[in-house]
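Keep the picture open beside you and look up each residue as it comes along.

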Amino acid sequence: AVVSTQSTGGGEGEEGERELATLQQQIARYFAVRDVKGAVSHLETLCSLVADKHQDELHAECAEPYYQYATALLELAREENQILGEDKINQGTEEEEGEGERYLVL
């Protein structure tokens, strides 16, 4: 699903509220199907729109989107590092097994 990233006059009016609601629904869907990259992209847009709506990045309504954004970024980092971490663990295990076999042969 493609979402317009254009601001609707700082998120004012019914159209801005609908855009925020649509983004929140799409983010929930991304989390449900574990598409963290999609969630991160849409959360970035949501945070920007909410901050623009209130003209303040520290407004209380920004807390939840920022928390979700931080959680999604952390999960994305875990996913990216998990792949690398598994490779390193597997390499270390193979090297240890190989070393053990050499010592048994001697």
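Predicted model: local features only at pLDDT ≥ 70, side-chain atom pairs only at ≥ 80, totals over all residues.

1. Leaving aside its neighbours within four places in sequence, Leu43 is in contact with Ile27, Phe31, Pro65, Gln68, Tyr69 and Ala72.

2. Now step back to the whole chain. The protein has three helices and zero strands, so to read its elements from the N terminus on, you simply say α-α-α. Of its 106 residues, 24% count as buried. Among contacts between residues at least 6 apart in sequence, 49% join residues at least 24 apart.

3. H2 gives the most, with eight residues. The core has 15 residues, and those touching the most other members are Leu20, Val36, Val40, Leu43, Leu46, Val50 and Ala72. As a general rule, nonpolar side chains in soluble globular proteins tend to be buried together.

4. Next, look at how H1 and H2 pack. Two packed helices are described by the angle between their axes and the distance between the axes. How do the axes of H1 and H2 cross, and within what distance do they come? They come within 9 Å and cross at roughly 155 degrees. Angles over 145 degrees count as roughly antiparallel, and therefore H1 is roughly antiparallel to H2. The crossing of H1 past H2 is left-handed.

5. Stay with this pair and find the residues that meet. On the H1 side they include Leu20, Leu23, Ile27 and Phe31, and on the H2 side they include Ala39, Leu43, Leu46 and Val50. Other residues take part as well, among them Glu17 and Gln24 from H1, and His42 and Lys53 from H2. By type, the residues of the contact of H1 with H2 divide into 10 nonpolar, five polar and three charged.

6. Pro65 deserves a visit of its own. This proline is found in helix H3. Is Pro65 buried or exposed? Its relative accessibility is 6%, and because buried means under 20%, Pro65 counts as buried. Not counting residues up to four places away in sequence, Pro65 touches Leu43, Leu46, Cys47 and Val50. Pro65 and Cys47 are 18 residues apart in sequence, yet 5.7 Å apart in space, C-alpha to C-alpha.

7. Arg34 lies in the loop between H1 and H2, and its phi is near 60 degrees, a positive value in a residue other than glycine. Gln55, in the loop between H2 and H3, has a positive phi of about 55 degrees although it is not a glycine. Arg34 is exposed, with a relative accessible area of 70%, and Gln55 counts as exposed at 70% relative accessibility.

8. Finish with Glu79, which is found in helix H3. Which residues does Glu79 contact, leaving aside its neighbours within four places in sequence? They are Arg34 and Val36. Glu79 and Val36 are 43 residues apart along the chain, and their C-alpha atoms are separated by 8.9 Å. Glu79 itself is partly exposed, with a relative accessible area of 29%.

Note on methods: Residues numbered from 1 in each chain as written. Heavy atoms only, no water. Core = buried A, V, L, I, M, F, W, Y, C linked by side-chain atoms within 4.5 Å. Buried < 20%, exposed > 50% of the residue type's maximum accessible area, 1.4 Å probe, protein only. Helix = DSSP H or I, 4+ residues; strand = E, 2+ residues; numbered from the N terminus. Contact = heavy atoms within 4.5 Å. Axes fitted to C-alpha atoms, helices over the stretch in contact; angles between N-to-C directions. Parallel < 35°, antiparallel > 145°, perpendicular 65-115°, else oblique. Left-handed = near helix turned anticlockwise from the far one by under 90°. Nonpolar A, V, L, I, M, F, W, Y, C, P; charged D, E, K, R; others polar.
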